[in-house]
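Let's take a friendly walk through a protein model together. Have a look at the sequence and the fold, and then read on.

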Amino acid sequence: MPQKKDGPHDGPRHAPGDGSRARLMADLGAASRRYMASYALFNQALADRLRLHPTDLQCLNLLSLEPDPVTTGRIAELTGLTTGSATRLVDRLEKAGYVTRRRDTADRRKVLVEPVPERMAEFGAVWGKLNGAWFAMFDAYDDTEIELLVAHMRRTVELSGAQIERLRNETF
């Protein structure tokens with residue numbers, strides 16, 4: 001009989017040795033792979049629609065979450081790219097009209113990358129047409145489940161950053 005615990009991190013909810021944990025983990029592994037593939041394919045389709053590279057699209061996404069203009073170094077941090085690759089990414093976004101570069105008024109040595117509001121509004125309009133379906137999907141969950149999803153997503157972002165670092169710095 002499954003064991004019920006109080007919280008999501010309090011231990012197993014299955015009877016030891018019944019094999020349900022192994023089946024559940026196998027299901028989780030398969031579902032995770034499908035989830036990641038579907039997101040990558042969705043990202044590619046959206047990038048194609050906007051005539052952008054998928055990494056450029058995600059950079060715009062991340063820039064829209066930043067409260068102020070950022071340096072190319074910050075873009076490298078946000079995306080996990082090298083500074084050289086981040087510079088080329090900014091070059092592409094600037095050429096496409098999504099960002100501009102300007103000198104930082106507080107420190108003239110710094111160049112800030114700033115989203116172009118009109119182009120970001122176009123980007124946002126496409127997202128706006130798609131968001132309703134995403135939020136409708138989440139209506140099926142109660143607040144506790146939403147909190148779990150948010151916690152999972154935050155932990156995934158942290159782990160992904162660490163794994164990116166590991167992939168770039170370790171040999172396998």
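Predicted model: local features only at pLDDT ≥ 70, side-chain atom pairs only at ≥ 80, totals over all residues.

Buried means under 20% relative accessible area, exposed means over 50%, and partly exposed lies in between, using a 1.4 Å probe and protein chains only.

Residues are numbered from 1 along each chain as its sequence is written, and side-chain values use heavy atoms, with hydrogens and water left out.

Now find F123. Not counting residues up to four places away in sequence, F123 touches L50, L57, L60, N61 and Y98, where contact means heavy atoms within 4.5 Å.

Next, follow helix α1. α1 has 31 residues and spans 44 Å from its first C-alpha to its last, close to the 45 Å expected at 1.5 Å a residue; the expected span is 1.5 Å times one less than the number of residues. Which residues of α1 are buried? They include N43, L46, A47 and L50, and the cover over the buried residues of α1 includes α2 and α5. An α-helix has 3.6 residues a turn, so residues three or four places apart point the same way. N43, at 8% relative accessibility, counts as buried. Apart from its neighbours within four places in sequence, N43 is in contact with P54, L57 and Q58. After α1 comes R51, whose phi is positive, near 60 degrees.

How do α1 and α5 pack? Their angle is about 145 degrees and their axes are 11 Å apart; axes are lines fitted to C-alpha atoms, for helices over the stretch in contact, and angles run from 0 to 180 degrees between N-to-C directions. The contact is made by F42, L46 and L50 of α1 with F123, V126, W127, L130 and W134 of α5.

Finally, look at the charged side chains. The model has 9 salt bridges, each a side-chain nitrogen of Lys or Arg within 4 Å of a carboxyl oxygen of Asp or Glu. One of them joins R92 and D56 at 2.6 Å, N to O. R92 lies in helix α4 and D56 in helix α2, so this pair ties together parts that are 36 residues apart in sequence. R92 is partly exposed, at 39% relative accessible area, whereas D56 is buried, at 3%.

Another salt bridge brings D91 and R101 together at 2.7 Å, N to O. This pair links distant parts of the chain, with D91 in helix α4 and R101 in strand β2 (residues 99–103), 10 residues apart. Salt bridges that share partners also join E66, R74 and E77 into one network.

Notes
Helix = DSSP H or I, 4+ residues; strand = E, 2+ residues; numbered from the N terminus.
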